[in-house]
Amino acid sequence: MLRYTVKRLLQLVVALLGLSLLLFAWFKSLPGGPENRMLPDNATDQQREALREALGLDEPVWTQYGEFLGRAVRLDFGNSLSSGRPISTELADRLPATIELSLWAIAIAIGVGIPLGYLAARKRGTWLDFTAVSGSLIGICTPVFFLAAMLKVVFSQNLGWLPTAFRLTPGTDYTDVTGLRVLDGLITGEFDVAWNAAMHLILPAIALASIPLAVITRITRASVLEVLGEDYVRTADAKGLKAQTIRGRHVMKNAMLPVVTVIGLLLGSLFAGAVLTESVFSFGGVGSFVYAATTERDYPALMGFILVIAVSYVALNLIVDLSYGFLDPRVRVRS
Amino acid sequence: MALLEVEDLRVAFGGSTAVDGVDFQVDEGQVVGLVGESGCGKSVTSLAIMGLLPRQSKVTARKRHRGGVTVSGRARFEGKDLLTLPRNEMRKRRGQELAMVFQDPLSSLNPVVRIGVQITEVLERHRGLRGEAARKEAAHLLDRVGIPDPTRRLTEYPHQLSGGMRQRVLIAIAVACAPRLLIADEPTTALDVTIQAQILELLKDLVDSEGTALLMITHDLGVVAGLCDEVNVLYSGRVVESAPARDLFARPTHPYTVGLLKSIPRLDLPIHEPLHPIRGSIVDVIRWKDGCAFAPRCDSVTEKCVEGEPALVGTEHAHRCVMAEEIA
Amino acid sequence: MTLAKIEKLDRLVEAGVEARTAEGGSLWHQSLRRMRRSPMAITGAAIVGLFLLIAILGPWIAPHSSTAQEWGDEVFLNRNIFPGPRAENWFGLDHLGRDMFSRMVVGARQTLLVGVVATLIGFAAGAVVGGVAAASGIFGGRWGQRIESVIMRSVDVALAIPMLLLALSIAAMLGPSLTTVMVAVGVAQIPIFARLLRGSMLAQAHSDYVMAAISLGVPKSRIVISHIFPNSLGPVIVQATLVLATAIIEAAALSYLGLGNPDPGSAEWGTMLADAQRFLAGAPQLAIYPAVGIIITALGFTLLGEAMRESLDPRLRREQ
């Protein structure tokens with residue numbers, strides 16, 4: 001297990017180095033370089049030179065990469081070209097919103113998807129199974145931003161049941177602890193804030209959960225079906241074990257293996273979905289920041305964001321892989 | 001009274017009949033063989049007795065006969081019909097009074113659960129043993145089935161064991177609660193020849209020492225000869241011959257049994273003596289109610305064979321062949 | 001990168017090899033027969049067929065122009081007046097007074113084009129990367145294996161970047177246009193295709209008929225080009241069908257983020273859907289038509305791809 005962990009960690013470092021190299025190369029290959037974006041169109045060559053020197057662009061490429069890497073490790077991605085503020089500050093301000101939204105979404109997806117997939121498998125061929133399967137296929141094929149927008153139109157604008165935008169009703173006082181509003185409200189005892197934040201989270205979280213939910217339901221169903229046909233489940237039945245022991249220890253423990261891995265993979269699409277969902281609900285997470293960075297070609301900001309997301313994605317997948325090794329003893333031996 | 005009495009057992013998947021009226025019995029402490037080629041319904045018979053058919057059967061899951069399994073007849077165990085027992089009652093008996101050893105030891109053990117847990121969960125369920133007591137008993141069981149260093153093995157996973165050891169584990173699980181009846185479904189088919197003999201020896205020892213009855217399901221007449229007191233030969237879902245083992249080998253009566261015995265390669269015959277395989281395959285059948293299902297493959301077939309349902313004739317050594325006298 | 005993604009790709013590869021080696025071409029025919037009985041495959045094929053038909057015939061079927069603002073004077077943006085379905089305009093009018101039905105019909109072609117081009121970019125570049133890696137790994141000796149290792153590690157790194165992020169950064173670089181969307185979505189698919197093709201080719205390289213060709217003295221380059229490569233395409237084609245669905249959805253997302261076609265005149269479902277977001281409160285139908293079009297089309301390709309995968313998968317096949 002230790003060797004497995006060390007090996008995965010090494011792979012992670014290599015992957016991140018490769019990624020930083022890729023990003024750096026991309027950054028360097030941008031048309032005209034970043035200095036053009038930072039100077040007015042009528043800048044003189046001298047101004048241009050001065051800026052290049054200030055940015056260290058006249059140094060050899062490898063020195064530049066080394067500096068870039070060194071700063072990136074210290075989470076220093078430079079200043080945003082649009083706002084002029086440090087990118088790490090911008091990200092730190094906005095990440096909690098995205099994390100909170102993603103957590104809710106993945107919780108919904110797991111909480112609904114796994115039981116639903118299990119039921120669909122057990123009731124294979126019934127209307128429930130059919131609904132779950134076709135529903136998940138449609139879910140996978142529905143653009144997230146469209147679903148988000150429709151939910152907003154129906155439940156916020158037409159029915160008026162839920163707020164249309166933001167994380168809290170504007171003007172609400174709250175105490176910031178973790179940046180996750182619902183959690184903060186519960187910690188500080190400001191239950192009205194927690195409730196308020198939760199109401200604001202429901203629609204975006206549902207929209208964001210749609211694809212993970214669809215995928216988890218499908219995988220769980222397929223996986224449970226496969227496991228139900230396995231000999232060891234028959235053995236468990238032949239032992240006369242209680243139904244819940246068979247379901248938990250013999251069916252679900254095996255059926256969860258592919259599901260866990262898929263959850264790791266879904267995190268990528270979750271980040272992407274968050275960008276889209278947040279912009280529909282003006283949620284104020286990194287989504288809108290990235291949206292702005294993309295349209296305004298704020299390359300340093302974009303690069304910082306991609307690095308942060310890639311690191312967390314790779315790290316989360318490491319956790320998933322490790323838990324996989326923990327769940328399946330055969331993996332430990334194989335690696 | 002017999003320990004297990006199977007009477008007119010029928011199992012159908014959707015429209016196709018797998019078991020077509022099987023009768024046999026197993027007495028207290030007896031070793032009974034159920035012999036036949038693949039597809040004759042011997043495994044389905046055992047699963048039906050164990051009550052494992054409707055949901056979990058691989059056959060059903062794969063072929064998508066959803067709930068299309070119909071089981072009828074009787075399987076009286078100590079006087080109670082297992083087929084009509086409520087599910088919970090059946091669960092209590094499985095693993096405790098009736099236990100089963102399966103064919104493929106690797107796939108029959110849960111790959112992600114430690115060996116120890118897979119044994120102790122039976123002890124916990126049926127004997128109420130928990131914690132250290134359960135672990136001790138599990139180690140004792142492993143020791144009894146001949147696994148060296150049992151305490152270490154308890155913490156291992158199935159993939160860390162060899163094929164023979166896995167089958168020993170499955171046997172340990174099956175005998176954990178000292179069942180009255182043990183069903184072994186081709187327990188040696190997936191193993192190396194050298195291991196096969198050891199496993200059979202182990203089964204025989206366990207059964208003898210505990211007075212457990214054993215229902216041995218196999219296609220291997222060699223296994224039957226070495227182990228069984230009584231033998232039932234199955235063809236196309238029905239018993240065609242039933243006799244004490246010695247008697248069956250001495251005087252096989254049904255042409256199918258004769259064919260099975262003849263098709264075994266023998267070293268004590270002249271080298272140029274050709275083998276006598278049975279013609280065709282088990283798919284060439286007539287339905288039993290129209291005549292003898294074996295008729296299309298039988299060398300001694302006459303018109304009499306397809307004039308209605310052949311009956312099981314005889315008591316001690318019974319057979320289901322209308323031509324028996326003429327052939328003999 | 002992650003085990004599951006890789007394992008899933010590998011299983012698809014396995015499926016392709018088994019289909020090929022077991023009984024030559026006949027297993028492919030078997031898969032086809034099985035697909036003809038599968039409702040999933042039939043539904044998928046029907047949807048895809050209909051979509052292709054509309055995409056090809058679009059401009060001739062469309063009753064009106066897709067660009068001319070023929071009924072511009074009947075639409076009042078500020079009062080949220082968008083005439084709905086009527087005899088002349090089956091799907092009503094869009095925000096510029098154009099016939100929605102004609103725009104949908106004509107737009108199918110552009111949408112298909114975006115999906116197909118994006119997939120082709122991913123497919124072609126992925127095939128080059130994966131093919132070079134596999135070929136040098138198989139026949140390139142020790143240096144070839146090093147080259148293969150370097151290429152495949154880079155592919156694994158690229159697999160770790162969430163797809164939309166990759167697409168976003170590419171789109172940011174190229175500026176907004178339909179080409180950007182196609183390139184961005186396509187490039188993001190390269191690593192998947194590369195991995196799949198390389199795995200598939202390696203599996204073929206170990207098969208008996210390649211051994212036979214080598215022992216007969218067929219030149220290495222010929223073995224790779226005319227034996228290994230064509231026989232490895234099965235799983236890749238299945239994946240391409242699935243990617244096509246993703247590409248159409250991703251393209252819509254990029255359009256929504258403002259990276260798509262800046263010209264509002266052209267009819268393309270993703271762009272139409274993105275444009276319609278502005279009028280969602282008053283005229284949700286403007287978004288619903290293209291969205292439903294995208295969902296159904298993506299569904300069609302997904303069903304078809306999944307059905308193909310299932311019919312090829314040896315583990316699923318045994319069940320039948």
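**Figure 1. Salt bridge between chain A and chain C.** In this predicted model, the side chains of R218(A) and E306(C) form a salt bridge, with an N to O distance of 3.2 Å. The count of salt bridges between chain C and chain A is one. Two residue pairs are in polar contact across the interface of chain C and chain A, both at pLDDT 80 or more.

**Figure 2. The side of chain C that touches chain A.** Four helices of chain C, α1 (3–23), α6 (163–174), α10 (233–256) and α12 (285–312), each supply at least two residues of the side that touches chain A. The largest share, 10 residues, comes from α12(C). Sorted by class, this side of chain C has 31 nonpolar residues, five polar residues and four charged residues. In terms of contacts, 40 residues of chain C meet 48 residues of chain A. About 3,900 Å² of area is buried between chain C and chain A, and carbon and sulfur atoms give 78% of this area.

**Figure 3. Overview of chain A.** Chain A has 14 helices and zero strands. The C-alpha trace of chain A spans about 85 × 55 × 40 Å along its principal axes. Of the 335 residues of chain A, 51% count as buried. Among the contacts in chain A with a separation of 6 or more, 74% are between residues 24 or more positions apart.

Figure 4. E100(A) lies in helix α5, which covers residues 87–122 of chain A. E100(A) counts as buried because its relative accessibility is 3%, under the cut-off of 20%. Leaving aside neighbours within four places in sequence, E100(A) is in contact with R167(A), L201(A) and the residues G179(A), L180(A), R181(A), V182(A) and L183(A). The C-alpha atom of E100(A) is separated by 11 Å from that of D184(A), and these two residues are 84 residues apart along the chain.

**Figure 5. D185(B) in strand β7 of chain B.** Strand β7 of chain B comprises residues 181–185, and D185(B) is placed in this strand. D185(B) is buried yet has no salt bridge. The nearest side chain of opposite charge belongs to R234(A) and is 5.7 Å away from D185(B); a salt bridge requires a distance within 4 Å. Apart from its neighbours within four places in sequence, D185(B) is in contact with S43(B), S46(B) and I217(B), and also with M100(B), V101(B), F102(B) and Q103(B).

**Figure 6. T45(B) in helix α1 of chain B.** T45(B) is found in helix α1 of chain B, residues 42–50. T45(B) is buried because its relative accessible area is 0%, where the cut-off is under 20%. The side chain of T45(B) reaches the backbone oxygen of G41(B) at 2.6 Å. Not counting residues up to four places away in sequence, T45(B) touches L9(B), V19(B), V22(B), F24(B), L34(B) and L234(B).

Conventions: Residues are numbered from 1 along each chain as its sequence is written. Chains are lettered from A and ligands numbered from 1 in the order in which they are written. This is a predicted model: local features need pLDDT of at least 70, side-chain atom pairs count only at pLDDT 80 or more; totals for chains, interfaces and linings use all residues. Side-chain values use heavy atoms; hydrogens and water are left out. Contact means heavy atoms within 4.5 Å. Buried area is the accessible area (1.4 Å probe) that two parts lose on being put together, summed over both. A polar contact is a pair of N or O atoms within 3.5 Å; within protein, one must be able to donate a hydrogen and the other to accept it, and residues adjacent in sequence count only if both atoms are side-chain atoms. Ala, Val, Leu, Ile, Met, Phe, Trp, Tyr, Cys and Pro count as nonpolar, Asp, Glu, Lys and Arg as charged, and the others, Gly among them, as polar. Buried means under 20% relative accessible area, exposed over 50%, partly exposed in between (1.4 Å probe, protein chains only). Lys and Arg count as positive and Asp and Glu as negative; His and the chain ends are not counted.
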